[in-house]
Amino acid sequence: MNAVRNFFHSIRVRLGKLPRWAQLVLWGLVVLLVYLLPIINPPFLTTTGSDFGAVLFSCAMYSLVAIGLNIVIGYAGLLDLGYIGFFAIGAYTVGMLGSAHATLPLILLVPAAIVVTMISGVLLGAPTLRVRGDYLAIVTLGFGEIVRLVLVNSGWTNGSRGISNIPTPPSIELFDIPHISWQGLTAFVDLETTTTFLKFSVTDSVPYYWLTLTLVFIVLFLDWLMQNSRVGRAWEATREDEDAAELMGVPTFRFKLLAFATGAAIGGLSGAMFATKQQFINPENFTIIYSVLFVAMVVVGGQGNRWGVVFAAVLLTWAPEKFRFLADGRFFLFGILLMALAIFRPQGLIPPKRTVRARKAEEEETEILEEGHAHA
Amino acid sequence: MDLLINHFWELTITGLAIGAVYALVALGYTMVYGVLRLINFAHSEVFMWGSFAAVWALMAVGAGKASGLGLAGYLVIGFVAAMTVSALIAMLLERVAYRPLRKRNSPPLIALISAIGASFALSELMGLRDKPLGWFNLENLRDYLGRPRENLPLPLQIQTKAVFPVFNYDVTNIDLIVLLSAIVMMVILDQFIRRSRLGRGIRAVAMDPEAAALMGINRDRVIRLTFLIGGIMAGAAAMMYLLKIGVTRYNAGFILGVKAFTAAVLGGIGNIRGALLGGFVLGVAENYGSALFGSQWKDVVAFLLLVVILLFRPTGLLGESLGKARA
């Protein structure tokens, strides 16, 4: 473990010494590589059992979910077990306004989904965020299930038949990109399978992956801005000690509500992406078990670390697709994983720097106290 | 509205019967909350495993149509099997998911996450129960296990009979069995907590853990005992649930768990008599609700009730006090 840490640390130090332009170029290359993953189909990463583009789309979509839920759980410290409810509301907003009751274009549907989920986040949060933290978990769990039950039972949402013919983003067909296929470690250009640059269709998930990935980067940037602002500090203070924060003049309730609504909006955005990719949604897509999957992503990744939760989201989505034998038992494994992490590594696989810092400060404090004790 | 008025007594009695199930499961939430200040999220799976144990035990003894003395025998077997397995699962849960965290003084959020993990692991384990058959060449057991993701019916069949009328509704023998056995369990538990030495220990730890420890009470033992009692009650509830509903499945615990938790909060979490009252109130209220709005909205009514209580009276009907229940 230590060796691995030192290795990454030395890499970080060496990268830090590079000139600014070289760092930017390097980052640009990494981002480009991530965009090109479904074209390159790297040997080990590629899932053999299922379409790699679709798997990557899921990874990107769940990354969005994890970033959103991380704001609620990681930054504000509110355990939300009904996140799938917001995801469903986002998806259904797109479905209802795009196909079932109106035919708006997607460019209007996505903002609509964000606004509607944000409002529903405020509506759920305003009464419930005043209750104790552990009650909140149960109330949100109930909320997630209510959303599904309403979707199933209401004729207005087409009940269990669901909504089909959900609009896709507008296509601009410019050129074809051939994929690369591998035999062992030699690469071939596969001219048979091509992706038309920005043609959104059922058969090819790659453009959806690009679209969602772009959204992931935008949301990550906004997330970074928020966390490093007054808002982020207010969240941190509220999470660590609500009473103290309130005494220092932080309106904790308002900031908790803001976290809840922001998280909900991002959930709605990912739901919208899900709807437009699938083009068909029904209530079975939004069962409560996904809420737990989302919580698992945040907890496994390290609550409060945006890169950690993205890593966990990708890992927990990709692994069951890559290793098909995991697919059946994956919720069982996630359950065990959550329990094991809570016991052995509650800060998650990649904890945020703050936690590391706080832990070190705490250790120093106890050391000083113990020394003082010895002197006395 | 007419439905509610015409069937008022039927809705009330059947509501009380299902409410008894909620009440017994709610005990597990409320007692653990009393001594540990922790929502025992995985308690619903304790209930679910108990229901499977009852079904399998009755399959093993070849239960079928029964009445009279034979029925009594089958009921005893079902109850004992469910209560034993539920108690074992509850103890295992305490040992694996909660005790390591207690030793580390983890924050409540982490304990809740561990509980959620345990809950899903237990529920999914039941959902995957046919997997090991292939590994150990036990394919002939497949019929016995039922399809893992579908309903498993109770083999015991009881002829529904009207026993005595209450206004315009005839109370059936099943309602009567469920209600009577629930009341027996409740009275035994209530007296145990109020009068016995062990019950006094539980109340002492709930009231003030440190003072209780100073008075020579072994906190770990009290916690184990609390989980044991919660498990036994959940097992009894599981058998009653089977009598009333007739089938169980791997995720049967989820909805029932949220409802039982609602019942516990409704009565005042940590308060034993409150949980019992809350269970009955919830059972009846959701029956009235389903008569008013249609039965597909039954679960929604229960969830909304939970939100409303938390908003307007978070301490519940009887207040939060396991410790204050005096002998």
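Guide: In an unreviewed UniProt entry, the annotation "transmembrane region" is given to residues 12-34, 46-66, 72-97, 109-128, 174-193, 222-243 and 300-319 of chain B. The model in which these spans are viewed here is a predicted one. For residues 46-66 of chain B, the figures are 71% helix and 10% strand, with the end C-alpha atoms 28 Å apart.

An aromatic pair in chain B may be considered next. The search of the whole structure, over all chains, gives 23 aromatic pairs. One of them joins Phe52(B) and Trp56(B), whose rings are tilted, with 5.4 Å from centre to centre and 50 degrees between the planes. Phe52(B) and Trp56(B) are about one turn of the helix apart, because 4 residues separate them in helix α3 (residues 43-60) of chain B.

Let us turn to the contact with chain A. Chain B contributes 41 residues to this contact and chain A contributes 35 residues. About 3,500 Å² of area is buried between the two chains, and carbon and sulfur atoms account for 81% of that area. On the side of chain B, Ile113(B), Phe120(B) and Leu310(B) provide 15% of the area buried against chain A, more than any other three residues. Four helices of chain B, namely α4 (68-104), α5 (108-127), α12 (252-267) and α14 (298-312), each give at least two residues to the side that touches chain A. The greatest contribution is that of α5(B), with 12 residues. Sorted by class, this side of chain B holds 32 nonpolar, 3 polar and 6 charged residues. Between chain B and chain A there are 0 salt bridges, while 2 residue pairs are in polar contact across the interface.

The unreviewed UniProt entry assigns "transmembrane region" to several stretches of chain A, among them residues 106-126 and 331-350. Residues 106-126 of chain A are 100% helix and 0% strand, with end C-alpha atoms 30 Å apart. Residues 331-350 of chain A are 70% helix and 0% strand, and there the end C-alpha atoms are 22 Å apart.

Salt bridges are found elsewhere in the model: the search over all chains gives 16 of them. One such salt bridge links the side chains of Arg148(A) and Glu145(A), at 2.9 Å from N to O. Arg148(A) and Glu145(A) are about one helical turn apart, because they stand 3 residues from each other in helix α6 (residues 133-153) of chain A.

Note on methods
Residues numbered from 1 in each chain as written. Chains lettered and ligands numbered in written order. Predicted model: local features only at pLDDT ≥ 70, side-chain atom pairs only at ≥ 80, totals over all residues. Heavy atoms only, no water. UniProt positions renumbered as here; feature names shortened; annotations may be inferred. Contact = heavy atoms within 4.5 Å. Buried area = accessible area lost by both parts, 1.4 Å probe. Salt bridge = Lys/Arg side-chain N within 4 Å of Asp/Glu carboxyl O. Polar contact = N/O pair within 3.5 Å; in protein donor to acceptor, adjacent residues only side chain to side chain. Nonpolar A, V, L, I, M, F, W, Y, C, P; charged D, E, K, R; others polar. Phe/Tyr/Trp six-rings, centres within 6.5 Å; stacked < 30°, edge-to-face > 60°.
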